[in-house]
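Could you walk me through this model in my viewer, stop by stop? Please tell me what to select next and what is there.

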Amino acid sequence: MATEVKTKIPEVLEKQEAGILTDWMKEQVAATTVRPDLLKEGDLREQSGRFLQLLRVSARANDLMHIQGPNWAPLREMLDDLSRSRAIQGFTSSETATFVLSFKQPLFTRLRQSHDDLDGLAEDLWRATALLDKLGLYTTEAFIKSREDIIGRQAKEMFELSTPVVELWQGILGLPIIGTLDSKRTQLVMETLLERIAQTQAQFAIIDITGVPTVDTQTAQNLLKTVNATRLMGAECIISGVRPQIAQTMVHLGVNLAGVITKSTLAGALAVAFKQRALAVKPISPPSGNG
Amino acid sequence: MERIPILHMGEFLLVTIQVDMYDKLATALQDDVCQRIAETKARGVLIDISALDTVDSYIARVMGNIAQMSRVLDADTVLVGMRPTVAITLVEMGVALPGIRTALNAERGMALLSAARSGEDSDASGEE
């Protein structure tokens, strides 16, 4: 980069901070990407003011090309925070990047006014563009990173929620499955269930698949694996919540469920388990008139 | 050569495996169990594998063989105390041990054998 022409960017930022901020705010409020529903104008003004202030301080060092350097740390931190909060608020990545990129026009206008020579202007415009592009890209990256963090956390939470083993009765465990059963999940379901069987010495495990939207060969295979593993441990496994469509699909797919007890409802499965344990549910007394 | 002890209790034989199984030991156990069933006229065999961390496909097959051989010699076999990790591994390997009965612990296994002995049909699950 040619250094003969001295940049006027820091100078412009120092001297005309207030004017640039006013122009920039006008620019942002008028832009199509502004989201008054998600962010109040006052907050936006505060963020813009802070950005401008930090940019001014960072630009003083005359090192406009290396935004990874220590001079730019406060500004980077500010953009990290901004991206994170916008990712949480539900902004899109372009809306977030536009915050930085929309700063170009007010800055360029001021640069044009303060330069007399064309070479110096061109040079400074180039520097400003390169700088703001870098900052814009940095913002986008930070935004995506925040979004990925959020998605990762949600996936983890869903994964934890996905395998609740409940004790329905002494010696009878229930495992309601909601959502698709892929191999990874089957593995987790199987491990959790078998661990609980070993821990509680429960004789029956009821897998309820009411919440499983569709069953394909893979899912059926995974279910069978779980049933077989339970049996190897010496417990009995009952599959409940088989809906009519799923029963049809299973037969069409040629899934062999021979030897597996299947019931259409959880209550039916519980009844089987009660019967095999020689338990019965009875009314306490004969029904009388007072209900 | 070391051998797995086989205890004789009433009508049943009790095999508790407490060392890591290797192929030769398993084959020896298979011989011994058949021998002892014939000698003692036992009506049931209980194999406790709760101490085993790993069971490979060969050992699993030997267990299946023992069950079938006992069947021929008119004795039931029940395999008790399989650990979750072992069960998962066997299922992933595609070993389902058909024809072998399982129970969660030795007590339940005994109940299962007694129930089968007391002349009921084999569907009875051996509950108290």
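Predicted model: local features only at pLDDT ≥ 70, side-chain atom pairs only at ≥ 80, totals over all residues.

Q201(A) sits in the loop that links helix 8 (183-200) to strand 3 (204-211) of chain A. Check its backbone too: phi is positive, about 55°, although Q201(A) is not a glycine. Most residues other than glycine have a negative phi.

A second residue of this kind is worth a click. Select A278(A), in the segment after helix 11 (266-276) of chain A. Its phi is near 60°, again a positive value in a residue other than glycine. Is A278(A) buried or exposed? A278(A) counts as exposed, with 9 C-beta neighbours inside 10 Å.

Now go back to the loop of Q201(A) and follow the chain into strand 3 of chain A. Of the 8 residues in strand 3 of chain A, 6 are buried, so the rest of the structure largely encloses this strand. Show strand 2 (residues 172-178) of chain A beside it: the two strands pair in the parallel sense over 6 bridges. To see one of the pairings, select I178(A) together with G211(A), its bridge partner in strand 3 of chain A. Between these strands the chain passes through helix 8 of chain A, and this β-α-β crossover is right-handed.

Next, bring up strand 4 (residues 236-240) of chain A. Strand 3 of chain A pairs with strand 4 as well, in the parallel sense and over 5 bridges. Here, pick D208(A) and look opposite, where you will find S240(A) in strand 4 of chain A. The path from strand 3 to strand 4 of chain A runs through helix 9 of chain A, and this β-α-β crossover is right-handed too.

Where the chains meet, 18 residues of chain A are in contact with 17 residues of chain B. Which helices of chain A each supply at least two residues of the side that touches chain B? They are helix 8 and helix 9 (217-233). Helix 9 of chain A gives the most to that side, with 6 residues. Colour the side of chain A that touches chain B by class and you will get 8 nonpolar, 5 polar and 5 charged residues.

From here, select A87(B). Leaving aside neighbours within four places in sequence, A87(B) is in contact with L194(A), A229(A), L232(A) and M233(A), and also with M82(B). A87(B) is one of the residues with the most contacts inside the largest nonpolar core, which has 71 residues; A205(A), I206(A), M233(A), V45(B) and M63(B) are listed with it. Apart from this core lies another, of 27 residues, including L107(A), A128(A), A142(A) and F143(A).

For the last stop, stay with chain B and select I66(B), in helix 2 (residues 57-72). I66(B) counts as buried because it has 25 C-beta neighbours inside 10 Å. Beyond its neighbours within four places in sequence, I66(B) is in contact with Q30(B), V33(B) and T77(B). Finally, draw a C-alpha to C-alpha distance from I66(B) to T27(B): these residues are 39 apart in sequence and 9.6 Å apart in space.

Terms used. Residues numbered from 1 in each chain as written. Chains lettered and ligands numbered in written order. Helix = DSSP H or I, 4+ residues; strand = E, 2+ residues; numbered from the N terminus. Buried ≥ 20, exposed ≤ 12 C-beta atoms within 10 Å, placed from the backbone. Core = buried A, V, L, I, M, F, W, Y, C linked by C-beta atoms within 7 Å. Contact = placed C-beta atoms within 7 Å. Nonpolar A, V, L, I, M, F, W, Y, C, P; charged D, E, K, R; others polar. Pairing = 2+ DSSP bridges. Right-handed = clockwise from strand over helix to strand, strands pointing away.
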